[in-house]
Amino acid sequence: GEPDRPAVENFLLPVGDACKSWANLTQLMKWAFNVGASKRSLIVAFGGGALMNVTGLFASILYRGTKLIYVPTTLLAMHDVTTSLKTSICFDGRKNNIGSFYAPLKILMDIGFCRTLSRGELFSGIGELAKNAALLGGKHAEGFIEVLSSDRINSHNAGSGDEFTLDDDNLKKLLALGIEAKMTMLLHDALEKTTAMIFEYGHTMSHALEKSYGDGVLPHGIGVTYGMLSSSYAAEKLGIMTSKDREEHDELCWLLLKRWPLPEPKPTANKVISLALRDSKRGLCSENDDEISDVLLRKVGDVIPTKTNMLSKFPVSLAKEWLMTMGFLDDTKLPAEVPMSTLKVLQSQLSIPEADKTTGAV
């Protein structure tokens with residue numbers, strides 16, 4: 001006769017960050033016990049990055065660790081989410097503030113899934129690649145620029161450049177670059193506590209923007225790329241990044257963002273700032289009440305190293321100023337200017353040579 005086949009049980013979760021809730025994690029646990037899951041059970045997560053996050057957390061705590069396989073179906077999940085050991089849910093209006101670190105047995109990828117993605121999902125995956133391009137420069141920046149250049153898109157689509165498609169060769173190129181970037185860093189910092197924390201670049205403002213708009217409105221990778229613009233604005237104001245280097249950095253970001261303007265109506269600046277001040281990384285830099293932190297760059301491919309998990313703290317008023325330049329309504333009275341004494345203290349903490357504090361050059 002035929003060999004016994006294992007029982008297969010299915011549990012469906014909502015799309016996007018809506019699935020990353022305490023309620024859904026609780027339902028997953030109840031379901032596992034109701035269907036008779038045991039230490040021999042195998043959990044297969046099939047879907048996008050948010051589903052990978054919550055399922056990874058579920059697998060990590062069920063019986064103190066249950067076998068797990070990821071089958072990511074989005075570009076973002078393939079190169080950014082499943083390559084990390086991080087798992088998470090969102091709680092109390094905050095992003096990724098409950099989670100664990102857990103390794104799957106296998107990650108199974110098929111780029112055919114990427115051909116089914118909506119424009120927003122595709123751009124979300126590309127946004128995290130823009131982050132890698134800015135952080136690492138070199139072939140990561142070159143590959144990103146090559147694929148995103150208007151001339152290339154026009155020649156492939158015989159159109160105005162408004163269209164955007166990626167053939168399999170370009171998908172494989174971007175996917176390989178993304179996986180290499182992540183795995184190279186995680187090889188030495190698997191729990192992303194030190195050098196691999198650079199991948200948090202742009203995420204403080206990104207998470208605040210995503211939550212202020214509401215789940216599902218602003219794709220995560222797009223939010224990250226806008227967050228990078230916020231951080232480059234702060235870096236220039238602090239004298240860390242020159243105007244020329246910021247222009248090069250921001251041009252890289254706008255290759256993607258010109259195709260995805262911020263949705264209207266925009267949330268108020270106060271709402272965004274209040275969420276940025278509750279970021280899950282808060283405390284690593286011993287921030288004051290009027291400060292936030294993020295990874296900062298001198299220029300593309302040149303990250304400011306710090307002893308605080310690669311994060312640098314800076315006045316939240318700089319983030320507020322950037323929001324104003326992007327058309328967010330000013331509904332509070334945050335200081336418009338950063339006192340020079342504050343700039344000097346920050347520059348000292350970031351180890352910028354005295355002679356170069358006016359330009360940010362090192």
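Which residues in helix 5 meet helix 7, and which residues of helix 7 do they meet? Hi everyone, let's start there, keeping in mind that this is a predicted model.

From helix 5 we have Lys139, His140, Gly143, Glu146 and Val147, and they meet Asn170, Lys173, Leu174, Leu177, Glu180 and Ala181 in helix 7. Sorted by class, that contact holds four nonpolar, three polar and four charged residues. As for geometry, helix 5 (residues 138–148) packs on helix 7 (residues 168–186) at about 155°, and their axes are 10 Å apart. The cut-off for roughly antiparallel is over 145 degrees, so helix 5 counts as roughly antiparallel to helix 7. Helix 5 passes helix 7 in a left-handed crossing.

Now to another helix pair. Helix 9 (residues 220–237) and helix 10 (residues 243–257) have axes that come within 10 Å and cross at roughly 170°, so helix 9 is roughly antiparallel to helix 10. Helix 9 brings residues including Ile222, Met228 and Leu229 to this contact, and helix 10 brings others, among them Cys253, Trp254 and Leu257. By class, the contact has nine nonpolar, four polar and three charged residues.

Six bridges link strand 1 to strand 2 (residues 67–72) in the parallel sense, and Leu42 stands opposite Lys67 in strand 2.

Thanks, everyone!

Methods
Residues numbered from 1 in each chain as written. Predicted model: local features only at pLDDT ≥ 70, side-chain atom pairs only at ≥ 80, totals over all residues. Heavy atoms only, no water. Pairing = 2+ DSSP bridges. Helix = DSSP H or I, 4+ residues; strand = E, 2+ residues; numbered from the N terminus. Axes fitted to C-alpha atoms, helices over the stretch in contact; angles between N-to-C directions. Parallel < 35°, antiparallel > 145°, perpendicular 65-115°, else oblique. Contact = heavy atoms within 4.5 Å. Nonpolar A, V, L, I, M, F, W, Y, C, P; charged D, E, K, R; others polar. Left-handed = near helix turned anticlockwise from the far one by under 90°.
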